[in-house]
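This report looks at how side chains pair up in a protein model. Please view the structure below before reading on.

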Amino acid sequence: MADALDIPIIARGRVIMPGEDAVLFKGRGGADFRQADPHRHIHDLVLGDTARLRDLHDTPIREIIDLLAELGKRLRLEDNELLQQSFALALKAGGLAEPILRGVYDALPAMFDAVMMTGLVDKTIGLDHLDGWVPGQGDYANVSIRAVGTRQLHITAGNVPVVAAMTVARAGLTKSDILIKSPSNDPLTANAIARTLIGLAPDHPVTKHIAVAYWKGGDEFMDSQIVRTSRIDKITAWGGMSSVRHIQKFLQPGIDLTALNPKYSMSMVGSETFESDAAMDEAAVGLATLAGFYNQTACANTRIIYVESDCDEASLDKVIDLGRRMVAAYDRLPPLLSVPFTVPNRELEAELVAVALEDDFYHVEGDTLKGGFVVSKFSDRVEFYDKLSNRVVNFVPVDDLTDVLKWCDDTTQTVGIYPETIRSRLLDLFALAGVQRLVSLSGGDPMTVYANSHHMPPGSPHDGIEPMRRSVRWVVDMRPAPDGVALGIAAE
């Protein structure tokens with residue numbers, strides 16, 4: 001227990017270090033840590049009385065944006081000892097290699113850029129709606145609307161630590177009180193950001209409305225105590241379906257759940273790709289980038305590639321060639337995007353060995369260290385498509401890319417497109433099928449492809465919804481209409 005790291009509970013400006021009530025939690029990758037027993041600190045973690053939100057409610061949004069922007073300046077890894085500690089633990093507990101994780105942490109300050117945050121709030125909610133009652137126009141000037149902050153529980157995912165920063169920023173920008181349940185594969189990033197904010201402005205209302213703690217997933221006592229209408233208005237649940245299903249057991253009228261559950265992403269390659277080596281190489285770089293960034297740990301990573309191709313031997317040879325070019329392109333990805341693995345994925349390796357024996361149906365190349373691919377020799381994906389990782393993808397030939405619609409639903413997040421000429425005939429069909437984002441595989445340069453798949457305007461939808469808009473409560477104040485205003489209600 002002496003080797004375990006001590007992690008505090010953050011309770012609205014207070015830092016509660018583990019003492020006699022310390023509990024040892026077994027973190028992933030041997031990253032064990034101690035924390036004060038969360039069972040004994042439930043009243044520190046929840047807000048309770050909604051009247052206690054008044055201080056944040058009355059704080060001008062411009063002041064909040066300025067505070068968060070100053071916080072962002074203090075989130076430089078090289079200057080922040082708390083983040084350095086959190087980085088070391090996330091490197092041990094999470095699934096990202098050092099250069100990739102460093103790139104993620106280096107992006108934290110930009111997430112608190114004042115111009116970006118202003119655009120985010122104005123696009124999704126409206127600055128005026130957070131600071132006061134906004135009257136209607138013309139005949140409806142007697143009706144005003146305001147966006148009001150809420151009490152929130154955030155069950156965050158740890159595959160990419162930006163989720164922690166995003167959660168803190170969104171809480172302040174919606175004037176909401178938040179309790180963050182940290183994940184076991186990133187137990188310290190949100191904690192470090194909240195402690196940095198305490199060091200910056202210990203008495204500010206934003207600081208006084210952030211709580212962070214870890215407790216084991218499935219802890220029914222904790223969840224039954226916290227998920228009550230007297231304590232929580234909104235829940236945002238990231239991560240696996242098991243955690244979402246667990247928290248659903250405690251839902252009741254008055255508590256709104258936003259489930260950012262796991263998504264699957266894919267790419268689609270048109271037949272025109274095989275008309276030249278240049279097109280093949282460009283598509284290969286795009287596929288390697290979307291499959292490989294963050295070492296295929298994100299929901300937006302391509303795992304299945306549908307290729308417009310016949311299933312005869314000559315056509316499949318072209319698909320195999322594309323797969324080889326993609327694997328070769330992995331070596332050209334910058335280390336901040338992707339690196340080879342040092343430990344094989346034994347479960348996936350076993351699946352690859354098994355399907356390799358079925359050579360009438362599959363062609364397999366590569367491994368779970370440097371990356372690889374499976375080409376289906378018929379128009380269907382492998383049974384273990386949901387286990388594809390370690391930069392291993394499945395190429396599936398289809399007669400027409402519209403055939404892919406049958407595999408799309410609201411769990412289909414990001415779809416890579418190549419070449420751009422196929423986009424117009426697919427866009428609306430796939431939007432109706434549930435796809436949430438279509439991005440380009442074009443460019444021929446990994447950083448260009450990555451930027452084109454991530455560079456979105458502030459306030460863009462996330463997983464098909466607008467989480468910040470859902471995080472506030474919309475309240476209507478209807479005053480008597482002026483005399484002479486037609487109410488549009490027929491007399492009895």
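## Charged and aromatic side chains

Arg40 and Asp37 form a salt bridge in which the closest N and O atoms are 3.9 Å apart. This is a predicted model. Arg40 is exposed, with a relative accessible area of 61%, whereas Asp37 is buried at 15%. The cut-offs behind these words are under 20% for buried and over 50% for exposed.

Side chains of opposite charge can pair when their charged atoms come close. A search of the whole structure finds 27 salt bridges. Three of them are set out here.

| Salt bridge | Closest N and O atoms |
|---|---|
| Arg40 and Asp37 | 3.9 Å |
| Arg54 and Asp58 | 2.9 Å |

In the bridge between Arg54 and Asp58, Arg54 counts as exposed at 53% relative accessibility.

Aromatic rings are the next topic. A pair of aromatic rings is described by the distance of the centres and the angle of the planes. The structure holds twelve aromatic pairs. One of them is the edge-to-face pair of Phe33 and Tyr214, with 5.2 Å from centre to centre and 80 degrees between the planes. Phe33 belongs to strand β5 (residues 33-36), and Tyr214 to the loop between β10 (210-213) and α10 (220-226), so this pair ties together parts that are 181 residues apart in sequence. Phe33 counts as buried at 1% relative accessibility, and Tyr214 counts as buried at 8%.

Another pair is that of Tyr362 and Phe378, which is edge-to-face because the ring centres are 5.7 Å apart and the planes stand at 65 degrees. Tyr362 is in strand β15 (residues 362-367) and Phe378 in the loop between β16 (371-376) and β17 (392-398), so the parts tied together here are 16 residues apart in sequence. Tyr362 counts as buried at 11% relative accessibility, while Phe378 is partly exposed, with a relative accessible area of 30%.

Phe33 and Tyr214 also form one aromatic cluster with Phe25.

Charges and rings meet as well. The charged end of Lys181 sits over the ring of Trp215, at 5.7 Å from the centre of that ring. Lys406 lies over the face of Trp407, 4.7 Å from the ring centre.

How values were computed: Residues numbered from 1 in each chain as written. Predicted model: local features only at pLDDT ≥ 70, side-chain atom pairs only at ≥ 80, totals over all residues. Heavy atoms only, no water. Phe/Tyr/Trp six-rings, centres within 6.5 Å; stacked < 30°, edge-to-face > 60°. Helix = DSSP H or I, 4+ residues; strand = E, 2+ residues; numbered from the N terminus. Buried < 20%, exposed > 50% of the residue type's maximum accessible area, 1.4 Å probe, protein only. Lys NZ or Arg CZ within 6 Å of the ring centre and 35° of its normal. Salt bridge = Lys/Arg side-chain N within 4 Å of Asp/Glu carboxyl O.
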